[in-house]
Amino acid sequence: MDIEERQAEHIDYFVKKASTLKGPALANIVVEATSHPFLFAFSEILAVPSILELEGTENSASLDLLRMFAHGTWSEYKNVADRLPKLLPDQILKLKQLTVLTLAETNKVLPYDTLMQELDVSNVRELEDFVINDCMYVGIVRGKLDQLRRCFEVQFAAGRDIRPGQLGSMIDILANWLTTSDNLLVSIQEKIKWADSMGEMDKKHKKEIDERVEEVKKTLSLKKLQTVSRQTLTTEGMKGTFLNWEE
């Protein structure tokens, strides 16, 4: 079971639980969800009406924290940490894992220096242990650590929640991709037609060559037959001369 399939069960659990609670009781749900080792998507929980009702209340910091885990990174959290609840160790780990996913969205080669800065990691060994044990083994990313080039080559990364305003740009990207695919398909079809026409021309050319070869063969056979016939006549004539001489 991959990471997306495992998350579905956890998301359903937290959505149902959050739907039954109000106000301060939801703070514990936010902490539990953002600490869960196998939960990396939070948009469905954010959409629960009771969660949205925290906006503008004394518990709104819990809503802001949940939004940070849905769309933010570790460095973004540090910039506003004074306005958000203090994170538990499991929450810090989770937000750093999510930071790696965010970096992998736009770059498939992540330099060690960038990762160390974004994750507050002090040395390469600590960074590689984090990527291997807390990202690759968990299943949120797959790739190759290149110690020589000091980078992480991303082959797969689980998707994060769509940020506000990101949907429009995603639609534009998909529309451009569709247009490019259509143009590529037309180009491929034209090349197929060209290849088919060239194939027909090759067949016609081969047929013409075969017919010429047959004509040459027939001509050569006829000439050979004529030569043999002349030789036969000449031999017969010579025999007649010898016979007459002997008589």
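This report describes selected local features of a predicted model.

## Basis of the model

The structure is predicted, so that local features need pLDDT of at least 70 and side-chain atom pairs count only at pLDDT 80 or more, while totals for chains, interfaces and linings use all residues. Residues are numbered from 1 along each chain as its sequence is written, and side-chain values use heavy atoms, with hydrogens and water left out.

## Helix α5 and its cover

Helix α5 spans residues 60-71. Helices are DSSP runs of H or I with at least four residues, strands are runs of E with at least two, and both are numbered from the N terminus. The twelve residues of α5 reach 17 Å from the first C-alpha to the last, close to the 16 Å expected at 1.5 Å a residue; the expected span is 1.5 Å times one less than the number of residues.

Nine of the twelve residues in α5 are buried, and the helix is mostly covered. Buried means under 20% relative accessible area, exposed means over 50%, and partly exposed lies in between (1.4 Å probe, protein chains only). Among the buried residues are Leu 63, Leu 66, Phe 69 and His 71. Their cover includes α2 (25-35), α3 (43-46), α4 (49-52), α6 (74-79) and α7.

## Thr 102 in helix α7

Thr 102 belongs to helix α7 (residues 89-106). Thr 102 counts as buried because its relative accessibility is 16%. Leaving aside residues up to four places away in sequence, Thr 102 touches Gly 72, Thr 73, Arg 160 and Arg 163; contact means heavy atoms within 4.5 Å.

With Arg 160, Thr 102 also makes a polar contact between side chains, at 2.6 Å. A polar contact is a pair of N or O atoms within 3.5 Å; within protein, one must be able to donate a hydrogen and the other to accept it, and residues adjacent in sequence count only if both atoms are side-chain atoms.

## Two loop residues with positive phi

Asp 120 lies in the loop between α8 (112-119) and α9 (124-136). Although Asp 120 is not a glycine, its phi is positive, about 60 degrees. Asp 120 counts as partly exposed because its relative accessibility is 41%.

Arg 150 is found in the loop between β2 (141-146) and β3 (151-157). Its phi is near 55 degrees, a positive value in a residue other than glycine. At 37% relative accessibility, Arg 150 counts as partly exposed.
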